[in-house]
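I opened this model to see how its parts sit against one another. My entries follow in the order in which I looked things up.

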Protein chains: 2
Amino acid sequence: MLAAKSDVQVDTPEVRVTEWRLAPGSATGHHTHEMDYVIVPVTSGEMTIVAPSGERTKAQLGAGKSYFRKAGVQHDVLNETASEIVFLEVELKPLTT
Amino acid sequence: MLAAKSDVQVDTPEVRVTEWRLAPGSATGHHTHEMDYVIVPVTSGEMTIVAPSGERTKAQLGAGKSYFRKAGVQHDVLNETASEIVFLEVELKPLTT
């Protein structure tokens with residue numbers, strides 16, 4: 001499996017924004033979200049989500065249609081389609097004051 | 001001047017995501033950003049920014065190229081081009097624990 005490409009666009013005390021590019025046949029690798037996050041799809045597409053249990057589900061992305069998730073999500077994200085998938089991950093940093 | 005159209009996509013205790021659609025000849029109207037925010041352009045384009053002083057500047061948007069601003073920004077945002085401009089505004093809500 002190819003590795004997805006990531007590029008940090010913003011990294012401040014408040015927030016980190018990472019661009020993810022998943023070529024056909026690539027995956028992010030299994031990971032745990034340590035922060036609450038918003039996904040903003042740049043392309044439309046279909047992702048394959050693999051849970052720690054191995055269960056596979058499909059998720060539709062619509063360009064410009066965002067969604068929010070709480071920290072703690074664990075999964076691998078695969079692109080099993082023939083088109084590149086691009087999205088931004090906006091991670092909300094916990095304040096440490 | 002036409003009014004830009006807005007649609008709230010996400011509204012949780014942590015974050016609010018608003019889609020803004022600026023048709024040619026439209027504007028958001030003067031406003032103050034009460035929260036830190038990230039802009040994620042869905043389209044590329046050129047915005048005209050009008051400061052409270054009346055000073056006008058141009059700002060280039062690149063689809064999928066995000067940027068961060070601290071709360072307190074005051075401006076009007078105009079689309080003086082011939083193409084629709086679409087972007088998402090991700091507002092980071094201050095925690096009130």
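Entry one, the annotation. I started from the UniProt record, an unreviewed entry, which lists "domain: Cupin type-2" for residues 19-90 of chain A. I then looked at that span in the model, which is a predicted one. Residues 19-90 of chain A are 56% strand and 0% helix. The end C-alpha atoms of this span lie 9 Å apart.

Entry two, the contact between the chains. For chain A and chain B the buried area is about 1600 Å², with 67% of it on carbon and sulfur atoms. On the chain A side, the residues that lose the most area to chain B are A:Glu14, A:Ser66 and A:Phe68, which together make up 25% of what that side buries.

Entry three, polar links across the interface. I found 4 salt bridges between chain A and chain B by the rule used. One of the pairs I looked up joins the side chains of A:Glu19 and B:Lys65 in a salt bridge, at 3.2 Å from N to O. I also counted 8 residue pairs in polar contact between the two chains.

I laid chain A on chain B and got an RMSD of 0.0 Å, with a turn of 180 degrees and a shift of 0.0 Å along the axis. The two copies are therefore related as by a two-fold rotation axis. Which residue of chain A comes closest to the rotation axis? I found A:Val42, with its C-alpha at 3.3 Å. Both copies use the same surface, as 100% of the contact residues of chain A recur in chain B.

I looked up a pair in chain A, where the side chains of A:Glu84 and A:Arg21 meet at 3.2 Å, N to O. This pair links distant parts of the chain, 63 residues apart. A:Glu84 is in the loop between strand S10 (74-78) and S11, while A:Arg21 is in strand S3.

Methods: Residues numbered from 1 in each chain as written. Chains lettered and ligands numbered in written order. Predicted model: local features only at pLDDT ≥ 70, side-chain atom pairs only at ≥ 80, totals over all residues. Heavy atoms only, no water. Buried area = accessible area lost by both parts, 1.4 Å probe. Polar contact = N/O pair within 3.5 Å; in protein donor to acceptor, adjacent residues only side chain to side chain. Least-squares fit on C-alpha atoms with pLDDT ≥ 70 in both. Contact = heavy atoms within 4.5 Å. UniProt positions renumbered as here; feature names shortened; annotations may be inferred. Helix = DSSP H or I, 4+ residues; strand = E, 2+ residues; numbered from the N terminus.
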